[in-house]
Amino acid sequence: MATERPHAHADHACAHPELHTHGAGEFVLAVEKACRERGLNLTPIRAEALKQIAEAGKPVKAYDLLERMRGGPGASAPPTVYRALDFLLENGFIHRLVSINAFLACHHPLAGHVVPILICKACESAQELEDETLAAQLDALARAQRFEPASSYLEVLGVCARCAGKAAE
């Protein structure tokens with residue numbers, strides 16, 4: 001059964017409420033619209049990869065995505081899935097979680113941003129923090145050193161409240 005949330009999110013103020021998506025279906029529609037507006041080619045394989053990541057409701061590893069897509073047109077080859085992931089990453093529709101080598105639907109697929117992501121080691125859930133100030137501070141610190149950042153990943157590994165509560169029982 002598919003979940004209706006691309007991934008969990010905090011109850012605090014949203015950084016981009018006008019661009020916020022709430023469910024897997026809304027997320028996919030927002031990305032399809034963005035692709036039309038930007039003249040991007042959202043091929044059936046790219047669209048299927050996007051849908052599978054959104055419906056997972058948690059980070060998805062590439063080979064798990066490959067398994068989820070098995071049986072679809074042309075999606076059985078790993079290079080095809082990796083090319084779809086590259087397209088989705090390059091256009092800001094998903095996040096790559098470097099520390100766990102997985103992919104997550106972006107809470108704001110139409111806003112170019114880098115935000116910290118909390119990753120639970122116990123249940124493998126991930127949550128975008130909607131405060132972009134940390135990313136801006138990191139960028140400013142890098143530039144103050146005359147360093148030109150090309151990309152950054154802000155990830156915090158730990159245990160979510162739900163899993164911490166289970167451990168306390």
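Just past helix H5, Arg146 adopts a positive phi of about 60°. H5 itself (residues 133–144) has 12 residues and runs 16 Å from its first C-alpha to its last, close to the 16 Å expected at 1.5 Å a residue; that expected span is 1.5 Å times one less than the number of residues. Helices here are DSSP runs of H or I with at least four residues, strands are runs of E with at least two, and both are numbered from the N terminus.

All of this comes from a predicted model, in which local features need pLDDT of at least 70 and side-chain atom pairs count only at pLDDT 80 or more, while totals for chains, interfaces and linings use all residues. Residues are numbered from 1 along each chain as its sequence is written, and side-chain values use heavy atoms, with hydrogens and water left out.

Now for helix H4. Thr80, Val81, Ala84, Leu85, Phe87 and Leu88 are buried in H4 (under 20% relative accessible area; exposed is over 50% and partly exposed in between, with a 1.4 Å probe and protein chains only). Seen down the axis of H4, the buried residues fall within an arc of 160°, so they line one face of the helix; the arc is taken from the directions from the helix axis to the C-beta atoms. On the other side of H4, Arg83 and Glu90 are exposed. After H4 comes Gly92, with a positive phi near 75°.

Glu128 sits in strand S5 (residues 126–128) and is buried, at a relative accessible area of 1%.
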